[in-house]
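Me: I have a model open on my screen and would like to learn how to read its features. Could you take me through them one at a time?

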Amino acid sequence: MNPLLDFTHDPAAQSWVESANQPDTDFPIQNLPLGRFRPAGSEEPLRVGVAIGDQVLDLKLALQLSPWADDLLPLLAPLATGDLAAYMALGPAAWKSVRGALWRALHEGSEQGPFLEMCLLSQDQAQMALPCTIGDYTDFFIGIHHARAVGALFRPDNPLLPNYQWVPIGYHGRASSVGLGGPLRRPDGQTRSDSGVPRFGPSRRLDYELELGLWVGVGNDLGAPLDMAQAEQTLFGVSLLNDWSARDIQAWEYQPLGPFLAKNFATSVSPWLVSFDALAPFRRPLTRPPGDPQPLPYLDSAFNRGHGAFDITLEVWLQTAAMRSQGQPAVRLSQSNMLDAYWTAAQLVVHHTSGGCNLRTGDLLGTGTLSGPTPGQGGSLLELSAGGRQPVVLPCGEQRSFLEDGDTVTLRACCQSPGTARIGLGHLTGTVVAAGPGG
């Protein structure tokens with residue numbers, strides 16, 4: 001039995017918002033993700049909304065126009081003012097109370113329905129913003145199949161380094177360049193050349209990385225590591241994340257200190273934060289291959305072994321400029337699942353704080369590239385093209401080893417299993433544009 005399930009996960013529940021009852025929607029009443037927005041084309045202050053079907057419930061208007069229980073008013077107040085971070089900092093009890101109240105308000109037959117109908121805005125009329133200011137960004141490396149595939153390109157005899165099965169590996173990224181997608185300028189940088197003098201100019205091996213973003217809700221004090229139980233109360237929600245990578249710049253600069261310009265030019269996240277409460281029906285046992293070591297005690301718990309993994313299907317779609325001009329739809333390049341990750345979200349939090357590091361509300365943790373075990377499940381072109389040696393052939397006849405100008409990459413993710421309502425994370429789209437002047 002899953003101890004985290006409650007009435008908000010009822011797969012038969014329906015909403016008075018008709019589009020939320022469609023079987024292919026990402027945002028049924030069982031989901032209720034939060035994001036910051038304003039009406040498109042307006043200069044209105046940002047406020048927090050709830051995605052429901054193809055609509056957004058404006059929580060600023062909802063607080064003004066609909067009755068709410070007195071104990072909910074202080075919990076809804078930061079959402080009405082657009083301060084999602086302040087709401088996240090209230091902690092799990094507040095999150096669960098507001099989720100339950102929103103579920104009741106949006107459920108078919110709700111007495112609040114007539115009031116809240118006036119608070120809906122079509123999602124295509126909403127201008128989304130980052131969920132909150134990101135103080136720090138850490139990118140991990142929990143996709144073992146990605147680690148093996150990339151390692152094999154450079155170390156065929158020893159693709160997986162000995163520390164991988166013992167420690168969640170990560171590096172500190174650049175928070176200032178995290179955005180919502182859209183146009184992506186091809187970065188400039190130094191790359192290796194045959195002459196021995198490095199070349200400076202636009203990256204020729206631009207790539208995407210299929211990841212999830214984990215958002216910290218409640219931080220910890222400096223010098224106060226978290227245990228596994230506390231880590232489960234720390235993370236608020238999940239989004240899609242694309243860790244754009246310049247592979248040629250990375251190959252030249254990353255030794256001995258790791259990624260720098262190859263990663264800091266852009267990281268994209270999707271705007272809706274799907275709560276860990278919403279993901280409860282899709283928790284699964286954490287399993288390790290036979291013969292692999294079990295985690296050290298500080299990274300282990302009975303709950304994590306039984307419920308630490310998540311069944312989330314992830315996809316990458318590509319549409320080239322030529323496909324777009326000819327009216328051809330995007331094609332799916334790969335499909336994978338977070339179940340293949342080697343470490344869980346809670347383990348990342350525990351290890352991150354184990355030396356005394358303090359996480360803060362709004363900090364972002366990237367999972368690292370989430371690939372599957374088969375060749376067609378690579379979460380990057382580096383894997384799918386075997387380092388550029390075997391270009392991916394698209395249905396239109398074009399080939400890709402790495403991204404070209406005009407390519408549009410879209411990430412998608414959803415959760416679905418028998419006896420549950422399907423929920424999704426929406427989508428995250430970015431289009432490569434040429435390097436700027438001087439590149």
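Me: How many of the seven residues of strand β20 are buried?
Reply: Start with the word itself: buried means under 20% relative accessible area, exposed means over 50%, and partly exposed lies in between, with a 1.4 Å probe and protein chains only. Five of the seven residues of β20 (residues 313-319) are buried, so the strand is largely enclosed by the rest of the structure. Strands here are DSSP runs of E with at least two residues, helices are runs of H or I with at least four, and both are numbered from the N terminus.

Me: What should I know about the model before I go on?
Reply: It is a predicted model, in which local features need pLDDT of at least 70 and side-chain atom pairs count only at pLDDT 80 or more, while totals for chains, interfaces and linings use all residues. Residues are numbered from 1 along each chain as its sequence is written, and side-chain values use heavy atoms, with hydrogens and water left out.

Me: Which strands pair with β20?
Reply: Two strands count as paired if DSSP finds at least two bridges between them. β20 pairs with β21 (residues 331-337) in the antiparallel sense over six bridges, and V316 stands opposite S334 there. β20 also pairs with β25 (residues 408-415), again antiparallel, over seven bridges; in that pairing T313 faces C414.

Me: What is the order of the strands in the five-stranded open sheet?
Reply: The order is β4-β3-β2-β1-β5, with antiparallel pairing. β4 (120-122) and β5 (126-129) are the edge strands, each pairing on one side only. The twist averages 50° from one strand to the next; for such angles, axes are lines fitted to C-alpha atoms (for helices over the stretch in contact), and values run from 0 to 180 degrees between N-to-C directions. Within this sheet, β2 (residues 47-52) and β3 (residues 55-58) are joined by four bridges, and V50 has L57 as its bridge partner in β3.

Me: How many salt bridges are there in the whole structure?
Reply: Side chains of opposite charge can pair when their charged atoms come close. The cut-off is a side-chain nitrogen of Lys or Arg within 4 Å of a carboxyl oxygen of Asp or Glu. A search of the whole structure finds 19. One of them joins E315 and R332, with the closest N and O atoms 3.0 Å apart. This pair links β20 to β21, with the two residues 17 apart in the chain. E315 is buried at 16% relative accessible area, whereas R332 is partly exposed at 45%.

Me: Which parts of the chain does the pair K96 and D6 tie together?
Reply: K96 and D6 form a salt bridge with their closest N and O atoms 3.7 Å apart. K96 lies in helix α4 (residues 92-106) and D6 in the segment before β1 (34-39), so the pair ties together parts that are 90 residues apart in sequence. K96 is partly exposed at 41% relative accessibility, and D6 is partly exposed at 27%.

Me: And is R186 buried or exposed?
Reply: R186 is buried, at 7% relative accessibility. Its side chain meets that of D405 in a salt bridge of 2.8 Å, N to O. D405 lies in the loop between β24 (399-400) and β25, and R186 in the loop between β9 (182-185) and β10 (188-191), so parts 219 residues apart in sequence are tied together. D405 itself is partly exposed at 39%. There is also a salt-bridge network that links D207, E209, D243, R247 and K263.

Me: Where is S66, and what does its side chain touch?
Reply: S66 sits in the loop between α1 (59-65) and α2 (73-80). With 6% relative accessibility, S66 counts as buried. A polar contact is a pair of N or O atoms within 3.5 Å; within protein, one must be able to donate a hydrogen and the other to accept it, and residues adjacent in sequence count only if both atoms are side-chain atoms. The side chain of S66 makes one with the side chain of Q112, at 3.0 Å. Contact in general means heavy atoms within 4.5 Å. Beyond its neighbours within four places in sequence, S66 is in contact with L61, Q112, F115 and L116.

Me: Where is Q328 found?
Reply: Q328 is in the loop between α11 (321-325) and β21, and it is partly exposed at 26%. A polar contact of 2.8 Å joins the side chains of Q328 and Q326.
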